[in-house]
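Biologist: Could you take a close look at the charged side-chain pairs in this model for me? I would like to know where they sit and what lies around them.

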Amino acid sequence: MALTPFLIGGSDIFDPFNIDSLIFGTRSSDRPSSYARDVAAVANTQVDWKETPEAHIFKANLPGLSKDEVKVQVEEGRVLQISGERRKEETTQGEKWHRVERVHGSFLRRFRLPENVKVEEVKAGMENGVLTVTVPKMQKPSAKTIDITCN
């Protein structure tokens, strides 16, 4: 037996396969605000943080964005900031969107870096929609052996 959409309260159609209709409703008045879209853009910007013996490595999924649409900064207090904007595609005469699931809007992710990093040597690269930020770590000074003299 196939599930079919059914009517709820007048002409609204509940679609069990549409998570947006479960969360935001189906009427245009129920659509999320631009603030909610921005929050969703931040929430959907997935970032992994891995520590190796040499560095802290951040990988962010940014499909469809170019390096010119992304900004990487290290602020005072060792805060790594990754930001940018996913722009809404424009509609031209005669075009009509049937579904918009890709989130658009500004995004911003911030990470407080530990004290043992070299913020002046941060490197960032982008390949196949994945931003990789490498923050090198300071090497721990090796223990110095002190010769003991006898008098």
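**The charged pairs and their surroundings**

Modeller: Let's begin with Glu101 and Arg99, which form a salt bridge (a side-chain nitrogen of Lys or Arg within 4 Å of a carboxyl oxygen of Asp or Glu) whose closest N and O atoms are 2.8 Å apart. Before going on, a word on the ground rules: this is a predicted model, in which local features need pLDDT of at least 70 and side-chain atom pairs count only at pLDDT 80 or more, while totals for chains, interfaces and linings use all residues. Residues are numbered from 1 along each chain as its sequence is written, and side-chain values use heavy atoms, with hydrogens and water left out.

In this pair, Glu101 is exposed at 56% relative accessibility, while Arg99 is partly exposed at 40%. Here buried means under 20% relative accessible area and exposed over 50%, with partly exposed in between (1.4 Å probe, protein chains only).

How many salt bridges does a search of the whole structure find? The search finds three.

Another of them joins Glu75 to Arg110, with 2.4 Å between the closest N and O atoms. This pair links distant parts of the chain, since Glu75 belongs to strand 5 and Arg110 to strand 7, 35 residues apart. Strands are DSSP runs of E, at least two residues long, and helices are runs of H or I, at least four; both are numbered from the N terminus. Glu75 counts as partly exposed at 29% relative accessibility, and Arg110 is also partly exposed, at 48%.

What kind of sheet do these strands belong to? Three strands form an open sheet in the order 5-6-7, with antiparallel pairing; two strands pair if DSSP finds at least two bridges between them. Strand 5 (70–75) and strand 7 are the edges, each with a single partner strand, so one side of each has no neighbour in the sheet. From one strand to the next the twist averages 15°, taken between axes that are lines fitted to C-alpha atoms (for helices over the stretch in contact), with angles running from 0 to 180 degrees between N-to-C directions. Strand 6 and strand 7 share eight antiparallel bridges, and Ser83 stands opposite Leu108 of strand 7.

Gln81 sits in strand 6 and counts as buried at 10% relative accessibility. Leaving out residues up to four places away in sequence, Gln81 touches Lys71, Val72, Gln73, Glu75, Leu108, Arg109 and Arg110, where contact means heavy atoms within 4.5 Å.

Beyond four places in sequence, Ile82 touches Val70, Lys71, Phe107, Leu108, Arg109, Phe111, Leu131 and Val133. In soluble globular proteins, nonpolar side chains tend to be buried together.

The remaining pair to visit is Lys137 and Glu51, whose side chains meet in a salt bridge at 2.6 Å, N to O. Lys137 lies in the segment after strand 9 and Glu51 in strand 3 (residues 47–51), so the pair ties together parts 86 residues apart in sequence. Lys137 counts as buried, at 10% relative accessibility. Thr52, in the loop between strand 3 and strand 4, is buried too, at 19%. Setting aside neighbours within four places in sequence, Thr52 is in contact with Ile57 and Lys137.

Strand 9 has a partner as well: strand 8 pairs with strand 9 in the antiparallel sense over five bridges, and Glu127 has Val130 as its bridge partner. Is strand 8 buried or in the open? Of the five residues in strand 8 (residues 123–127), zero are buried, so the strand lies largely in the open. The two strands make a hairpin with two residues between them, and Asn128 in the turn has a positive phi of about 50°. Asn128 is exposed, with a relative accessible area of 72%. Most residues other than glycine have a negative phi.
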